[in-house]
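Trainee: I'd like to learn how to read pockets and cores. Could you show me the structure and walk me through it?

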Amino acid sequence: MCKNTAAAPPAAGREPTMAAMYAKGALVNGIGASLLYALSLAIPEAVVLAVTLQLAVFLAHGLPNRSEEFYDISGSVTHFVVVAGSLVAHQRIRTPRQLLMALASTVWMTRLGTFLYLRISKDKKDERFDALKPCWLTFMGAWTLQALWVSLVQLPTVLINTIDDTYVLNPLAWQLHSLLPLRASYQRLRAFCRAPLSWIDYVCGAAWVTAFIIEFRADVEKFSFRSDPANRHKFISTGLWCACPLVKCT
């Protein structure tokens, strides 16, 4: 049941408020679950892992303690589990492209998770959750959406890790091995060669490094800005944040 933390209003005014919170929670969780189901048609194992981990943290800590303390760090852990799971789920020849994508994702999630956890440890709470925590269904919506976020962000990495990123080195050898079903699978794989990196991979890699540096610097600027008590309820409008079209620079 929903827990109303505010002073108890008259009975006539309480029901619409609770009904609205339940409606909002049902809508958010319904949309999130629908999109997760759609993603599960392409990456079923990843979606199951993401949903399971998020619900586990929500039920084990978030809901009993009405706390978002482990919300962000659980998101990073879920990112890691989804990526690692896509690498070990099937026996394949792993190419530099697959390994580099997994490494880049791991570096990004580690940095982001560390930053967000340090922030919540310093602030003790995230005020954005205050309107969600009084009702378990609306609060759960945040965890459902995080499972969806992880699944969407890791979709390209999971997809490339579920295919053989190779090309046939010796077509005749492959045809001969395919006629011998009793041969070990690794003997067939000898007819393949790992797909090399192309110029597209290098361009994407350079774009990732650039974006990573920008994100890191922006987070450092925001962390320093929020460290000043006078800026607690203000939005940063200096440094890299001036590049945001919604921010009025000072």
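Mentor: On a 1 Å grid over the protein atoms alone, a pocket is an open set of points where a 1.4 Å probe fits, with protein on both sides within 12 Å along at least five of seven lines; lining residues have an atom within 4 Å of a point. Helices are DSSP runs (H or I, at least four residues), numbered from the N terminus. This is a predicted model, where local features need pLDDT of at least 70 and side-chain atom pairs count only at pLDDT 80 or more, while totals for linings use all residues. Residues are numbered from 1 along each chain, and side-chain values use heavy atoms, without hydrogens and water.

Trainee: Which element gives the most to the lining of the largest pocket?

Mentor: That's α9, with ten residues. The lining has 22 residues, and L100, M101, A104, G205 and W208 lie nearest the centre.

Trainee: And which element gives the most to the second largest pocket's lining?

Mentor: There it's α4, with six residues. Y71, D72, L116, R119 and R128 are the closest to the centre, out of 20 lining residues.

Trainee: Now, what is a nonpolar core?

Mentor: It's a set of buried (under 20% relative accessible area, 1.4 Å probe, protein chains only) Ala, Val, Leu, Ile, Met, Phe, Trp, Tyr and Cys residues joined through side-chain atoms within 4.5 Å. Here the largest one has twelve residues, including M18, F58, Y71 and L132. Five of them come from α5 (136-153), the largest share.

Methods
Buried means under 20% relative accessible area, exposed over 50%, partly exposed in between (1.4 Å probe, protein chains only). Helices (H or I, at least four residues) and strands (E, at least two) are DSSP runs, numbered from the N terminus.
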